[in-house]
Amino acid sequence: MEYPDDLRYSREHEWVRLDGDAGVIGISDFAQDQLGDIVYVALPAVGSEVKFMEKCGEIESVKAVSDLYSPVSGEVLARNDSLIEQPELVNSAPYGDGWLLQVRLIDPSELERLLGTQEYKDLTARAEE
Amino acid sequence: MSSTTLRRTTLYSQHKALGAKMVPFADWEMPIQYTGIIEEHHAVRERAGIFDVSHMGRLDVSGPDAARLLRHVSTYDIARLSTGEGHYSLLCNEEGGILDDIYVFSVEDGCFIVVTNAANAEKDRDWIIEHTLAGLDVNVKDIQTVTAMIAIQGPEARERVASLSPAPLSEVKPRNCLDDIEIAGRRAFISRTGYTGEGGFEIVTMASDGPAVWDALLNGGALACGLGARDTLRLEAALLLYGNDIDRTVDPFEAGLGWVVSLDDGADFIGRQALLRAKERGPERSLVCLLTEENGIPRAGCAILHEDKQVGKVSSGGFSPSLRRGIAMGYVPSGLRTEGTELTVDVRGKPLPMRIVKRPFYSRKSA
C-alpha cells in the first residue's frame, strides 16, 4: 500500500495535493483496495462549490457504493472525465491518472485539519485490524 | 450475545496463501476475491476459474426408500432420474413457500447426493430428517464437514479437469454426475453443474483431499475466484440466490420455477396442495430481469416503480462486467412482466430507467 508524502489525507480516505491555490483530490490506495473494482464515479460539475468534508459525489464498485467527501472547500475547476470511460484508473493509479477533482481552495487552513502521511497510515493500519 | 467463531473450509490456508480478502458468509469465513472481482469474472467467461464451495450443504441420502423420502420433501419428481443423472429441485413448506433450492444427484440405486445452500444446510438436513415418514428405510447423512467441494467453471473447465483425470468427462451431460472417479490422484464425485452460466464441474472430494485437488487445478491454469465473482456471474446468468430472489414468502411459480414442480405424477410431496392452487391461480407477481442503458447500479432492496407508483423491489442487482451495465432481478405484478416494459428503479433517491429484458442477461456462446 502506497501513501505519498506530499499529500494530506482525510479520515474518509480522500487525499489532496496542493498545487498553487488549487488542490487536486482523489481517494487513497487503501480506499480503492477496500472498494475493489470501481465501475462508476459520479462527480460534481465544473464550477460548482464543494464544502469541507461534505458529500460531493459517489464512487461505486462492483461490491458497493460509497460517498465521496471533499477534503477541502472551494470551486470545482476541473474533474477527471476520463473516469467516465475508465473508472478503473482509480484502482490502478489512485494518486495519478485516477485523480477526481481539482478545486480552488477558499480556506487553505483546512489542510491542517487533515492527516499527514504517518497519521493516515496509522489510521488504515487500525482499520485493517 | 456471544460472539460466534466463523467456520473455515479445508481450503482456508489456500485462500490465505493466495492473498484472498476473507469475509463472513453464512457462518463461514470465505474468500470474496483474490485478484479482483472483474478479473475473476472474465476468467470464468473466457477461460476457467475455480471456487471453494465447501460451505454448501451436502447430504448423502441412502437406503431402499431414499427416492421415496426425497420425492416427499422436494418438488421435482426424482423418480425420473436414472443413475448418473441430477436435477434442480426445491424444498417447500406446506404453504408452498420455498425453504431452499437444492440439487439432487442419483449416484446409484438407493443412493443420492443432495446439495443445499450454505445458509440453509442444517435447517434443510433437519427438515428432511423430521419429515422422514414412519417406516421408511433410509439414512440421511450430513457429509458437509467430511468433504470438500470445488467448482471449476468456464469454457476451458473440461480440459483442465481432463488433464488431471482419466474419467470419461465428455460423456457427462449437463446436470449429470460421475461417482468414484480419480482426479489429481484423489477420489472424487463430480457433476456437470455450476452457478455461473458457464459449463463446468463441481467436484466433491474427502475434506483432506480438497487442498491437493485445488492446488492441481490452480497449477493447471485455472484462476481462483471468490464469492464476489460468483455473485456477478450468477446474476448475469439470472440464477436465483436463496435469501434474495427466493425465500419462504415466494412460491415457485412467481420465481419462474414451475419447471421444477412436478404435479402430474400424483406424488403427495410437502406443499403439493398449496402449489396446485398456486398454479391454477397463476402468480400475482413475477420475477423479471431488468437492464439499464444509463449509469447507475441497482442494488437489492431498491424500489421498482411504474408510472411513479412502487410496484416491487429489486431482489438482486449489481454491475454486469460482461454488459458493463447495471442489471437487476426483482418482482413486479404479473401484468407488467412483458419484455420491453419500461420501469424505474429508485437508486438512493435517483430514478434509474430500466427495461424488462429476456432472461438470462448472459448466455454462453458455445455449449
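Let me begin with the second largest pocket, whose lining takes at least two residues from each of strand S6 (98-108), strand S7 (111-116), strand S10 (177-183), strand S11 (186-191) and strand S12 (200-206) of chain B, strands here being DSSP runs (E, at least two residues) numbered from the N terminus. This is a predicted model, in which local features need pLDDT of at least 70 and side-chain atom pairs count only at pLDDT 80 or more, while totals for chains, interfaces and linings use all residues. Residues are numbered from 1 along each chain as its sequence is written, chains are lettered from A in the order in which they are written, and side-chain values use heavy atoms, with hydrogens and water left out.

The second largest pocket is lined by 17 residues, and Ile113(B), Asp179(B), Arg187(B), Phe189(B) and Met206(B) lie nearest its centre. By class, this lining has 9 nonpolar, 2 polar and 6 charged residues.

Turning to the interface, 14 residues of chain A are in contact, that is, with heavy atoms within 4.5 Å, with 16 residues of chain B. The area buried between the two chains is about 1,300 Å², of which carbon and sulfur atoms give 51%, buried area being the accessible area (1.4 Å probe) lost on putting the parts together, summed over both. On the side of chain A, Tyr40(A), Val62(A) and Lys63(A) lose the most area to chain B, together 40% of what that side buries.

Across this interface the rule finds 5 salt bridges, each a side-chain nitrogen of Lys or Arg within 4 Å of a carboxyl oxygen of Asp or Glu. Asp33(A) forms a salt bridge with Lys21(B), where the closest N and O atoms are 3.4 Å apart.

Notes:
On a 1 Å grid over the protein atoms alone, a cavity is a set of points where a 1.4 Å probe fits but cannot get out, and a pocket is an open set with protein on both sides within 12 Å along at least five of seven lines; lining residues have an atom within 4 Å of a point. Helices (H or I, at least four residues) and strands (E, at least two) are DSSP runs, numbered from the N terminus. Ala, Val, Leu, Ile, Met, Phe, Trp, Tyr, Cys and Pro count as nonpolar, Asp, Glu, Lys and Arg as charged, and the others, Gly among them, as polar.
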